[in-house]
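Please read the following points with the coordinates open beside you.

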Amino acid sequence: MNKPNPESLRPTASVDADHPAVIRFAEQAKGASSDPRAQAVALYYAVRDGFRYNPYGLDLSPQGFKASHVLETGMGWCVTKSTLLAAACRAVGIPARLGYADVRNHLSTERMRQTMQTDLFCWHGYTAILLDGEWLKATPAFNIELCQKFSLKPLEFDGTADSIYHPFDLKGNRHMEYVNFRGEFDDVPIADIIRTFAEVYPTGVVKESEGVEPADFDRDVEREVATSRVR
C-alpha cells in the first residue's frame, strides 16, 4: 500500500491548506459523507465547476500560485485549480500532491495560438489524491460551462480511476495529447515552471489585455465556435 509522505498532508507555501478561506471552502464543499472517497469527489466537482478556467493574464508571483488566490479571484488555470483541490483535500485530511505533464493542446483560441506560437502546454497541472492506498489523477481545470461551449467531454472523477484529458472532443477532433509527465510534488515547483515558460514561450504568456479590448477567454471561445475556427 502506498503511504503518503507527511508533506502530502501538510500546508505548504502554495498549497495553503491552513488558510481560513481554504478550510472554510473545504468543509462546506466536502459534503455530508465521512467517507474520504466521497469527500474527494465532492471537492473535485466543487473546484472544477465552482471556479472559471482562465489561462489569460497568469499571475506567476508566489501569491498568484496559492490555492487561496483562486478563492479570492473566483477563477484559475490548470496549475492553480489543481493546487486548490490539493489544498482542500489536505484541509479535510486526505493526502494530495501536485502532478504535472506536458500536453499538446489541439483545441485553443486564436489569441493563445498567436501568443504562444506552439500547441505545447508545459507544466499542465492535475491533482494526485491518495484513496485506499492508490494515487489517482484528478484534473479539475475545465469547468462544465467551458466544456459545453467548446464541445469537450467533461472530465468526470469518481474516486476509483484517473481523470485526465480525453484525446478527442465530442466532434471527434483531436483534443489533448500527453507527451511528457514531469512528476508529482508536494508543493508547486514555481521556479521550474517559470524557467520552462521563459524557454518555451519567448513572447510570454497571454496578457490580461491586448490592444483595445481586454482579453476574455470565454468570449474568445465563443468567437472560435461561432466562426468554426476551433481546432
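1. A charge sits over a ring if NZ of Lys or CZ of Arg is within 6 Å of the ring centre and within 35 degrees of the ring normal. In this predicted model, Arg 97 lies over the face of Trp 135, at 3.8 Å from the ring centre, and the charged end of Lys 137 is placed over the ring of Phe 181, 5.7 Å from its centre.

2. The largest nonpolar core comprises 60 residues, and Ile 129, Phe 142 and Phe 157 have the most contacts inside it. Helix 4, which spans residues 78-91, gives the most to this core, with 8 residues. Once neighbours within four places in sequence are set aside, the contacts of Phe 157 include Ala 40, Tyr 44, Ile 129, Leu 136 and Ser 163.

3. There are 14 aromatic pairs in the structure. The ring centres of Tyr 100 and Trp 123 are 5.2 Å apart and their planes stand at 65 degrees, so this pair is edge-to-face. The pair links distant parts of the chain, with Tyr 100 in strand 3 and Trp 123 in strand 4, 23 residues apart, and both residues are buried.

4. Tyr 178 and Phe 181, by contrast, form a stacked pair, because their planes are at 5 degrees, with the ring centres 5.4 Å apart. Tyr 178 is partly exposed at 21% relative accessibility, and Phe 181 is also partly exposed, at 41%. Both belong to a cluster linked by ring pairs, together with Tyr 53, Tyr 126, Phe 142 and Tyr 165.

5. Thr 139 lies in the loop between strand 5 (134-138) and helix 6 (144-150), yet Thr 139 is buried, with a relative accessible area of 1%. Among the residues that Thr 139 touches, beyond four places in sequence, are Tyr 44, His 124, Tyr 126 and Tyr 165.

Conventions
Residues numbered from 1 in each chain as written. Predicted model: local features only at pLDDT ≥ 70, side-chain atom pairs only at ≥ 80, totals over all residues. Heavy atoms only, no water. Helix = DSSP H or I, 4+ residues; strand = E, 2+ residues; numbered from the N terminus. Buried < 20%, exposed > 50% of the residue type's maximum accessible area, 1.4 Å probe, protein only. Contact = heavy atoms within 4.5 Å. Core = buried A, V, L, I, M, F, W, Y, C linked by side-chain atoms within 4.5 Å. Phe/Tyr/Trp six-rings, centres within 6.5 Å; stacked < 30°, edge-to-face > 60°.
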